[in-house]
Amino acid sequence: MSVTVEAVETRALGTTARIVVDGPGIDEATETMVAELEVVEQACSRFRADSDLSRVNDNSGQTVRVDPILVEAVEIALRAARVTHGLVDPTVGAAIRLLGYDRDFSAVVDGTPARKLQAQRIPGWRGVVIDPVRATVRVPAGVELDLGATAKAFAAERAASRVAADLGCGVLVSLGGDIAVAGAAPAGGWPIRVTDDHAAGLDAPGQTIAIQSGGVATSSVTVRRWLQGDQARHHLIDPATGFPVDGPFRTVSVAAASCVDANIASTAAIVLGEEGPGWLRARHLPSRITRHDGRVVLVAGWPTGGPNR
């Protein structure tokens with residue numbers, strides 16, 4: 001019996017959401033995915049005044065009762081900070097807001113007013129307190145959380161797992177280039193096109209790989225960019241300075257046992273710069289790294305077949 005692979009693309013969490021199922025039921029799968037992503041957005045978006053994250057940021061210094069989903073998302077963000085020794089830090093919220101990324105990215109326009117900014121160390125993740133039993137989050141006074149580094153991967157994993165459980169088939173969910181798979185993979189694995197921009201066409205420079213399980217994430221300084229006055233900005237913040245990362249790499253793609261782990265590693269490698277490939281190699285994480293001049297570095301067993309330009 002032949003099985004049809006079906007796919008649908010839509011918008012969610014301010015980015016492109018794509019779902020692929022290895023079997024029938026794409027309409028049900030899409031409905032489930034959209035519902036799961038809406039739940040995560042309601043909890044974790046810093047652009048919605050009614051989100052739990054906005055309530056936490058608006059009430060910094062106080063303990064705030066929230067949906068357990070936000071507790072889980074913050075817990076993941078704190079784990080990211082812990083395992084990367086602060087390279088991926090969720091307390092960059094105020095810094096990225098001051099740089100002009102203060103609304104859904106579709107509404108961020110070039111030429112946002114310039115501000116005189118000084119380099120500053122990010123407050124740091126160690127001051128964030130969560131209580132999973134009471135479902136509360138507390139950030140120090142004046143601190144703002146931004147979960148952008150991990151929340152999309154978290155959402156993709158939740159959606160993929162839920163769809164696979166409900167439909168009993170293999171599923172792939174891509175959210176802004178963060179890809180999670182669940183259930184049985186199709187023969188030959190899930191084909192994934194790796195490029196600088198997740199929205200690029202199949203003819204864009206890049207490489208096609210396949211995975212059986214886990215996830216793939218790409219961090220890039222080339223996609224979410226804007227001008228603040230005459231200064232180019234992007235959304236990946238160096239916690240040591242509070243400014244966008246200024247390193248040698250434009251894109252890092254990582255395959256890992258989960259989409260969240262892949263996202264954490266790809267972001268950390270961008271922040272690390274020249275030390276990034278060694279950091280990934282030491283952790284046995286297959287990675288594809290593209291320098292600003294277009295040269296590609298493959299690490300820890302990332303496949304060499306196909307174009308790598």
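Predicted model: local features only at pLDDT ≥ 70, side-chain atom pairs only at ≥ 80, totals over all residues.

Biologist: What makes His284 count as exposed?

Modeller: Its relative accessibility is 65%. The label exposed applies over 50%, so His284 counts as exposed. Its phi is near 55°, a positive value in a residue other than glycine. Most residues other than glycine have a negative phi.

Biologist: Where is Ala300, and why is it called partly exposed?

Modeller: Ala300 lies in the segment after β17 (296-299).

Biologist: Now Thr91: how do you know whether it is buried or exposed?

Modeller: Thr91 is in the loop between α3 and α4 (93-98). Buried means under 20%, and the relative accessibility of Thr91 is 2%, so it counts as buried. Leaving aside neighbours within four places in sequence, Thr91 is in contact with Ile122, Pro123, Gly124, Trp125, Val128, Val143, Glu144 and Leu145. With Glu144, 53 residues apart along the chain, the C-alpha separation is 5.8 Å.

Biologist: How much of the protein chain is buried?

Modeller: Buried residues make up 52% of its 309 residues. The secondary structure comes to seven helices and 17 strands. Among contacts with a separation of 6 or more, 61% are between residues 24 or more positions apart.

Biologist: Which residues touch the most other members of the largest nonpolar core?

Modeller: They are Ile19, Leu70, Leu147, Val171 and Leu280, in a core of 72 residues. Helix α3 (residues 68-83) gives the most to this core, with ten residues. Apart from it lies another core, of twelve residues, including Trp190, Ile192, Ala255 and Trp302. In soluble globular proteins, nonpolar side chains tend to be buried together.

Biologist: What is Leu147 in contact with, beyond its neighbours within four places in sequence?

Modeller: Those partners are Cys44, Leu53, Leu70, Ala73, Val74, Ala77 and Pro90.

Biologist: Why are helices α5 and α6 called roughly antiparallel?

Modeller: The axes of α5 (residues 151-167) and α6 (residues 259-272) cross at roughly 165° and come within 8 Å. Angles over 145 degrees count as roughly antiparallel, so α5 is roughly antiparallel to α6. Their crossing is right-handed.

Biologist: Which residues meet there, and of what class are they?

Modeller: From α5, Ala153, Phe154 and Glu157 meet Cys259, Val260 and Asn263 of α6. By class, this contact of α5 with α6 has four nonpolar, one polar and one charged residues.

Biologist: How do α1 and α5 cross?

Modeller: The axes of α1 (residues 26-44) and α5 come within 9 Å and cross at roughly 145°. That crossing is right-handed.

Biologist: Which residues of α1 and α5 meet?

Modeller: On the α1 side they include Glu28, Met33, Glu36 and Val40, and on the α5 side Phe154, Arg158, Arg162 and Leu167 are among them. The residues of this contact divide into eleven nonpolar, one polar and five charged.

Terms used. Residues numbered from 1 in each chain as written. Heavy atoms only, no water. Core = buried A, V, L, I, M, F, W, Y, C linked by side-chain atoms within 4.5 Å. Buried < 20%, exposed > 50% of the residue type's maximum accessible area, 1.4 Å probe, protein only. Helix = DSSP H or I, 4+ residues; strand = E, 2+ residues; numbered from the N terminus. Contact = heavy atoms within 4.5 Å. Axes fitted to C-alpha atoms, helices over the stretch in contact; angles between N-to-C directions. Parallel < 35°, antiparallel > 145°, perpendicular 65-115°, else oblique. Left-handed = near helix turned anticlockwise from the far one by under 90°. Nonpolar A, V, L, I, M, F, W, Y, C, P; charged D, E, K, R; others polar.
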